[in-house]
Amino acid sequence: MIRTIFQISLQRLWNNKQELVMVLVLPILFFSIFAMIFSRGVSSGESAINVAIIDDDMTATSQRIVKMLKQQSAIRVELGLLNTTEQWTLERLTRVVMRDHGVAIVVYLPAGIEANLQSRSKSTVQLLSEGSNPIGDQIMQLMLSQVIAAASIEPLRSRSEGANSVGAIPSSNADGTSLINVQTTDLFGADKHNPKIAMYAAGIAVMFLLFSATGAGGSLLEEHEAGTLDRLLSSQLSVTELLAGKWLFITCLGCVQLTVMFLWAQQVFSVDLFGHLSGFAVMTVCTASATASLGICLAVFCRSRTQLTAVSTVLILTMSALGGSMVPRYVMSQEMQRWGQLTFNAWALDGFQKVFWYDLPVAALRLEITILLGMSVILACVARLYADRWDSR
């Protein structure tokens, strides 16, 4: 009898394709995604950090530092953004460079760095960071120390092997202490209390918003299986009105879910929600509407609630992994980040980051708003097109 029970269970699993996918395919899919993320992340050079440089020294040593930084595969030096003849205050760097051009770190080489090295005086090199990528900050700090040390002894390489080393620029004192102090300044997070909690709240909220939207959209399949849908459509109610009503309900449910999440974050983790209320409201409505359209679209395409559960689980977890809800996107390669831009999660998180991290106004959210609302409209139209199978009954 045990053998019979085993064979029956095996046959049931084999005949249930959705469950078979969940058991065999989903683990392989997620293993592949996370393997690509962590094996080709920021330290591999495939996820280059956008860096700008201000060289106030303009000497042979500082130019060698800039040249060597450009040769590093882990960073992408955006030299064309900064004019060294201008006075760059922290406020201007914040507004112009990081917010407008997507630069993560500004390297400031102060005037007199070569003279200080020659006289064995300590120099302070500043890393001005936008602060959302702590791993990138640490990598850049270590890399800059190594590059400056290498640039200091670069004149020796032009000499023959047996030549005297007199004239080299020392990068450390006789006791081994470094002459370079790399100081990192967080331009955005320094004056905020728990600013990254808002990003964690947004990532988790968007992922569970997708699950809620597909779950609520599945009521269409339950009504169809129970025969309620046929009775509704036999009245004066049209399929368009039915889908619109469902979409409106799911959108409102999503807005409530996001609001509750951020209210909890404010009360427990001191996230400044009321200080960013307008941007939060806009991003909440746009994100909820896009996820509502996805939930409706999946419900229309699937034939049963079981199929919807299997398809939505695979799709949502994949979107969440690629879009940054599970793993920060800054650890991903450039290729993985481009794939992530196909998801709701990435655009929603970018919008919430602009609101809570960069303190940008609603006008700066045009791209994220356009993408999310565009996805919402496209998916809603696709859902209405394929809902004709119900309209014909």
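Q: At what angle do the axes of H12 and H13 cross, and within what distance do they come?

A: Two packed helices are described by the angle between their axes and by the distance between those axes. In this predicted model, the axes of H12 and helix H13 (residues 305-323) cross at roughly 145 degrees and come within 10 Å. The crossing of H12 and H13 is right-handed.

Q: Which residues make that contact, and how do they divide into nonpolar, polar and charged?

A: From H12 come Leu 294, Leu 298 and Ala 299, and from H13 come Leu 308, Val 311, Ser 312, Leu 315 and Met 319. Seven residues of this contact between H12 and H13 are nonpolar and one is polar, with no charged residue among them.

Q: How does H12 pack with H16, and is the crossing left-handed or right-handed?

A: Helix H12 (residues 277-301) packs with helix H16 (residues 366-386) at an angle of about 25 degrees, and their axes are 8 Å apart. Angles under 35 degrees count as roughly parallel, and H12 and H16 are therefore roughly parallel to each other. The crossing of H12 and H16 is left-handed. Among the residues that make the contact are Val 282, Cys 286, Ala 290 and Leu 294 of H12, together with Ile 369, Leu 372, Leu 379 and Tyr 386 of H16. The residues of the contact of H12 with H16 comprise 17 nonpolar, four polar and one charged.

Q: Are H9 and H11 parallel or oblique to each other, and which residues join them?

A: The axes of helix H9 (residues 219-226) and H11 cross at roughly 135 degrees and come within 11 Å, and H9 and H11 are therefore oblique to each other. Ser 219, Leu 220 and Glu 223 of H9 make the contact with Leu 242, Leu 243 and Lys 246 of H11. Of the residues in the contact of H9 with H11, three are nonpolar, one is polar and two are charged.

Q: How much space lies in the largest pocket, and which residues are the closest to its centre?

A: The largest pocket holds about 1,400 Å³ of space. It is lined by 42 residues, of which Ser 132, Arg 329, Asp 350, Gln 353 and Tyr 358 are the closest to its centre. The elements that give two or more residues to this lining include strand S1 (49-55), helix H8 (195-217), helix H15 (344-356) and H16. By class, the lining of the largest pocket has 20 nonpolar, 12 polar and 10 charged residues.

Q: Where do Met 58 and Ser 270 lie, and what is phi for each of them?

A: Met 58 is not a glycine, yet it has a positive phi of about 50 degrees, and its place is in the loop between S1 and helix H3 (60-70). Ser 270, which is also a residue other than glycine, has a positive phi near 65 degrees and lies in the loop between helix H11 (239-269) and H12.

Terms used: Residues numbered from 1 in each chain as written. Predicted model: local features only at pLDDT ≥ 70, side-chain atom pairs only at ≥ 80, totals over all residues. Heavy atoms only, no water. Axes fitted to C-alpha atoms, helices over the stretch in contact; angles between N-to-C directions. Helix = DSSP H or I, 4+ residues; strand = E, 2+ residues; numbered from the N terminus. Parallel < 35°, antiparallel > 145°, perpendicular 65-115°, else oblique. Left-handed = near helix turned anticlockwise from the far one by under 90°. Contact = heavy atoms within 4.5 Å. Nonpolar A, V, L, I, M, F, W, Y, C, P; charged D, E, K, R; others polar. 1 Å grid on protein atoms, 1.4 Å probe; cavity = no way out; pocket = protein on both sides within 12 Å on 5 of 7 lines; lining within 4 Å. Points joined across faces, edges and corners; volume = space filled by probe spheres on them.
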